Amino acid sequence: MSHSLDEQVENICSGDRRAVARAISQVENGGPSSIPLLKTLFHKAGRAFVIGITGSPGAGKSTLVEKLATEYRRQNKRVGIVAVDPTSPFSGGAILGDRIRMQALANDDGAYIRSMATRGQLGGLAPAAYDATLILDAAGCDVVLIETVGVGQDEVEIARLADATVVMLVPGMGDDIQTFKAGIMEIADLFVINKADQPGAEQVKNEIKLMLSVAPRSADWQTPILKTVATTGEGVCGLVEAVESFRHFLESHPMGADRRRERARLHLLALLRQRLFERVARQQFDKQSIDRYVGDILERLRDPHSIVEEIMEASGFRSGSV
Ligand SMILES: Nc1nc2c(ncn2[C@@H]2O[C@H](COP(=O)(O)OP(=O)(O)OP(=O)(O)O)[C@@H](O)[C@H]2O)c(=O)[nH]1
Ligand SMILES: [Mg+2]
């Protein structure tokens with residue numbers, strides 16, 4: 001290990017917030033320099049409990065995350081927060097809002113707050129969020145909270161990184177629950193109905209109950225449905241307790257080990273996919289050559305399979321080997 005890497009790892013593991021922030025930027029930018037760092041940090045991590053919090057835009061995720069983090073800090077736990085916002089063109093503003101809201105945590109040495117809004121990165125957001133979580137874990141965070149807007153595939157993938165996934169709904173969502181059902185509802189370990197100070201919370205609860213009764217998951221874990229008012233902190237302690245119960249459940253139930261295995265498998269496959277693609281892309285791809293290939297396909301001069309084989313061969317893969 002080089003001297004500077006040694007030092008960087010030491011600073012991260014001692015919980016130095018600037019070192020942590022720099023390391024996350026480094027992996028977010030995705031350069032090859034982050035790989036030796038991630039290799040080393042892997043052996044320093046593995047303790048943090050990762051909680052994914054997902055819900056529709058404006059559901060109150062950031063407000064709740066801040067209250068959760070404050071409660072964990074009260075219990076003297078070190079907390080990392082990763083807010084992932086791949087969709088919003090206004091994320092700059094939202095993140096600024098979060099910063100102001102999270103002022104108390106921003107001045108707390110036991111709390112680490114990070115937003116990620118990178119789009120179009122080769123590896124996608126899920127691997128970047130995974131790496132950020134690894135860094136926070138190595139930095140000594142007991143809990144890492146990942147906030148995502150629950151709208152797309154990215155979020156489902158990020159939810160798979162978490163030990164516990166909290167899906168947040170709000171009163172008056174109506175048809176949204178139907179849309180949510182498609183991908184996000186299935187991944188909930190806990191449901192939270194936030195903005196319970198507004199009318200209709202009980203109705204949402206009944207809709208979730210109905211949904212759970214027709215699509216039961218693990219027979220051993222009763223998915224709780226909790227109500228919160230994130231702005232006042234009402235219900236937050238109950239949520240922390242419910243998450244703690246789920247954590248105990250995972251420790252003693254095969255589901256816990258299954259999830260860890262599945263997560264390691266998905267991450268390994270994602271990395272392999274990314275590295276293979278990078279290898280080919282670095283050597284063979286620029287926009288012009290892609291456009292040329294696409295033109296050939298459109299004019300039916302060549303079929304895409306032959307083109308892929310040609311690209312792979314030119315990248316050093318023997319023909320027929322893949
Ligand atoms: N009445 C009420 N308002 C709330 C509650 N929780 C959050 N809000 C308000 O809802 C708005 C959105 O809250 P955020 O925490 O930014 O929501 P978010 O889900 O993080 O939003 P995005 O990250 O932009 O998707 C803010 O004005 C909050 O003050 C609640 O329990 N009750
Ligand atoms: Mg937010």
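**A tour from the ligand shell to the sheet**

Start at helix α4 (residues 61-74), which gives three residues, the largest share, to the shell around ligand 1. The model is predicted: local features need pLDDT of at least 70, side-chain atom pairs count only at pLDDT 80 or more, and totals for chains, interfaces and linings use all residues. Residues are numbered from 1 along each chain as its sequence is written, while chains are lettered from A and ligands numbered from 1 in the order in which they are written. Helices (H or I, at least four residues) and strands (E, at least two) are DSSP runs, numbered from the N terminus.

**Ligand 1**

Select the shell. It holds 17 residues, with Gly60, Lys61, Ser62, Thr63 and Ala230 the closest. Here a residue is near if its C-beta atom, placed from the backbone, lies within 6 Å of the molecule. Colour by class: six are nonpolar, eight polar and three charged. Ala, Val, Leu, Ile, Met, Phe, Trp, Tyr, Cys and Pro count as nonpolar, Asp, Glu, Lys and Arg as charged, and the others, Gly among them, as polar.

**α4 against α11**

Axes are lines fitted to C-alpha atoms, for helices over the stretch in contact, and angles run from 0 to 180 degrees between N-to-C directions. Show Lys67, Leu68 and Glu71 of α4; they meet Val236, Cys237, Leu239 and Val240 of α11. Contact requires C-beta atoms, placed from the backbone, within 7 Å. This contact has five nonpolar, no polar and two charged residues.

**The sheet**

Now select the strands. Seven form an open sheet, ordered β3-β2-β4-β1-β5-β6-β7, with parallel pairing; strands pair if DSSP finds at least two bridges between them. Neighbouring strands are turned by 20° against each other on average, direction ignored. Zoom to β5 (residues 164-169) and β6 (residues 190-193), parallel over four bridges. Met168 stands opposite Val192 in β6. Helix α11 (residues 236-252) packs on this sheet, touching β1 (49-55), β5, β6 and β7, and its direction makes about 170° with that of β6.

**Last stop: α2 and α3**

Pick α2 (residues 17-29) and α3 (residues 34-42): the angle is about 120°, with axes 9 Å apart. That makes α2 oblique to α3. Ala23, Gln26 and Val27 in α2 meet Ser34, Leu37 and Leu38 in α3. Four of the contact residues are nonpolar, two polar and none charged.

Conventions. Angles under 35 degrees count as roughly parallel, over 145 as roughly antiparallel, 65 to 115 as roughly perpendicular and the rest as oblique. Two residues are in contact if their C-beta atoms, placed from the backbone, lie within 7 Å.
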